[in-house]
Amino acid sequence: MSESGQTLPSWADQMRALERVGDNLIAKWRPDGATETETQDMNKLAFSILASGYLCRVYTDAHRPVFMPLWNYAINQGGPDPDYIYSTAEIDAQGVYEISGYRGTSRFVEITQQSFDMMHPSDMEQGSPVPTINDLDDLALDENGYFKVVLSPERPPDYSGDWWELHPGAHRLLMRKCACDWDGEIDARVAISRVDDTGGDMSPEEIARRFSDMAAWIEGMIEFDMKLVQYYREHHGVNTILRSSKIDSMGGLPKQAYYDGIHEIDDDEALILESELPKECRYWQALVGDDRFCTVDWVNRQSSLNDSQAHIDSDGKFRAVISRLDPGVPNWLDKADYPWGIIQMRWNRASDYPDPTIKKVPLGEVRNHLPEDTPVVTPAQRREGLRQRRDSAQLRRIW
């Protein structure tokens with residue numbers, strides 16, 4: 001019994017609340033029955049979302065915020081961009097926070113003030129717009145690359161340093177650290193502290209309440225993403241890719257254009273993704289995922305390509321081949337064994353927004369639809385490229 005006189009749930013109570021999570025998700029994902037591989041894959045995803053819920057919701061709160069790891073190759077939810085390191089911190093819109101650290105050399109670091117709490121799936125369904133994006137490159141750096149900025153509703157009296165206005169409806173911060181040369185760029189190191197409230201230990205009642213939310217949190221977030229992929233299937237079509245307004249309304253970056261579509265091909269087929277490139281663009285990328293909006297394992301497979309990794313054809317276009325089997329070209333996007341799933345591209349802060357196209361072709365005829373000078377990638381070269389990719393992915397700091 002807690003100090004307030006409440007009888008709080010025991011460990012066994014909390015575990016019982018989680019018992020049906022996996023089966024409930026399988027029933028929604030594969031209503032006609034799942035293979036053993038699919039069952040274990042869904043259990044693995046559910047367990048990772050439980051870990052995310054603990055880190056981002058149970059461990060920390062708005063009084064003692066910490067930027068906690070959100071989406072990455074171990075917590076693969078929401079179609080993570082492999083070039084981003086995502087972290088989140090819960091905040092109070094009336095609070096005063098100090099954000100400090102070292103900028104590093106990565107492509108960019110942006111912090112979104114979210115007017116919804118993505119740790120509550122019901123908030124995500126409302127499609128609240130993003131109110132404010134703050135960029136570390138707007139801050140002053142000392143000779144060591146150190147920065148400090150105050151985030152608050154009003155600038156503190158007699159304070160002349162960097163200041164960001166805290167949006168009155170903000171509930172959470174989402175930080176994206178973008179790196180394209182995974183082992184060459186240095187990621188930012190960022191801390192956050194609340195300076196108007198030293199906080200205190202979370203009460204037993206609050207810990208229990210947040211823990212008790214986990215079952216609904218896991219099912220809600222995974223089901224949300226499955227519905228999102230189904231939305232693209234129904235509204236964008238199969239083996240097509242169209243510019244999306246859906247993600248913009250849910251928390252995407254206002255200066256980033258998203259393109260989404262669905263891949264569904266046999267092993268002897270391939271999709272050729274083709275696009276002009278913007279005249280100017282801070283960053284661009286393409287990826288493939290499964291039908292739960294999990295990005296295909298980008299550490300061990302080449303399931304994504306960014307503007308530093310991709311081969312650009314002699315006519316200045318970007319072309320990639322989506323398939324399960326290796327087509328022997330530089331820009332292979334490996335869809336793995338998933339029968340169907342998501343395709344996504346993004347242009348970040350571009351001068352113009354070319355619309356990509358997709359064409360389905362027989363796998364054995366891929367080269368008939370590519371420029372004649374498209375390089376050949378041998379199996380040995382692919383193995384070495386994947387080895388380097390695996391090492392580079394691990395060298396990034398995901399926490």
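**Strands and salt bridges**

Modeller: An open sheet of four strands runs in the order β7-β6-β3-β9, with mixed pairing. This is a predicted model, in which local features need pLDDT of at least 70 and side-chain atom pairs count only at pLDDT 80 or more, while totals for chains, interfaces and linings use all residues. Residues are numbered from 1 along each chain as its sequence is written, and side-chain values use heavy atoms, with hydrogens and water left out.

Colleague: What makes β7 and β9 stand at the edges?

Modeller: β7 (162-165) and β9 (189-194) each have a single partner strand, so one side of each is left without a neighbour in the sheet.

Colleague: How do you know that β6 and β7 pair?

Modeller: Two strands pair if DSSP finds at least two bridges between them, and β6 (residues 146-152) and β7 are joined in the parallel sense over four bridges.

Colleague: Why is the contact between Arg 382 and Asp 326 called a salt bridge?

Modeller: The term asks for a side-chain nitrogen of Lys or Arg within 4 Å of a carboxyl oxygen of Asp or Glu, and the closest N and O atoms of Arg 382 and Asp 326 are 2.8 Å apart. Arg 382 lies in helix α8 (residues 379-395) and Asp 326 in the loop between β15 and β16, so the pair ties together parts that are 56 residues apart in sequence.

Colleague: Why is Arg 382 called buried, and what is Asp 326 called?

Modeller: Buried means under 20% relative accessible area, exposed over 50%, and partly exposed in between (1.4 Å probe, protein chains only). Arg 382, at 8%, is therefore buried, whereas Asp 326, at 34%, is partly exposed.

How values were computed: Helix = DSSP H or I, 4+ residues; strand = E, 2+ residues; numbered from the N terminus.
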